[in-house]
Amino acid sequence: MNDALFYAITFIFNILSFLFVARFLLQACRVDFYNPISQSFIRVTDPLLKPLRAIIPGFRNLDIAAFLAAVLMNVLLIVILSGIAGQYAGNPLQLLATGVIQVTLLIIRIFWWSILIVIVASFIAPGSAHPALGMLQQITELLLAPARRLLPPMGGLDFSPILVFLLLGVIERILPQLLVSVY
């Protein structure tokens, strides 16, 4: 019974965390506000973020309230699962560090999958105007544009995603080590 309960709670909190991180990335990457998919994320997350924004303002194009809501979802998940298991969750600093690292890892995974989907879609349906693909292209451009300046296209091929995948992979492997050092 505990496995099913752990799974259900983890699933719900991970979905909420994903929604808040997506909202954070949509604003950070300056994705088209009028994209129907962007509008869906805004409609779903606004009821929870409006009260939080009254306390925590944004900074430039960063939605700090959405980022902190995602961190809070991860911290609450740890606390709830630890409580169900009858274990000590950790001190508040450890919980906060774990939440920030988990959200950062989620952001890395979203970038990784977005780049992969954009690459595959460029071969399958080049020039597609689907709103989801347009949104993913705008999200990935935040990382791919600087990589393209470092590695210009060679023979019509864009190798910048390889450089970004390498960088994301290195960061993804370093972050859990930081988490271990906090504990």
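I began with Ser17, which sits in helix α1 (residues 2-28); helices here are DSSP runs of H or I with at least four residues, numbered from the N terminus. Is Ser17 buried or exposed? Ser17 counts as buried because its relative accessibility is 2%, where buried means under 20% relative accessible area with a 1.4 Å probe and protein chains only.

I noted that this is a predicted model, where local features need pLDDT of at least 70 and side-chain atom pairs count only at pLDDT 80 or more, while totals for chains, interfaces and linings use all residues. Residues are numbered from 1 along each chain as its sequence is written, and side-chain values use heavy atoms, leaving out hydrogens and water.

Next I looked up what Ser17 touches, leaving aside neighbours within four places in sequence: Ala70, Met73, Asn74, Val103 and Leu106. Contact means heavy atoms within 4.5 Å.

Then I turned to α5 (residues 131-150) and its partner α4 (residues 92-124), whose axes come within 9 Å and cross at roughly 115°. Axes are lines fitted to C-alpha atoms over the stretch in contact, with angles from 0 to 180 degrees between N-to-C directions.

Which residues of α4 make this contact? They are Phe111, Ser114, Ile115, Ile117, Val118 and Ala121. On the α5 side I found Leu133, Leu136 and Gln137 among the contacting residues.

Note on methods
Helices (H or I, at least four residues) and strands (E, at least two) are DSSP runs, numbered from the N terminus. Buried means under 20% relative accessible area, exposed over 50%, partly exposed in between (1.4 Å probe, protein chains only).
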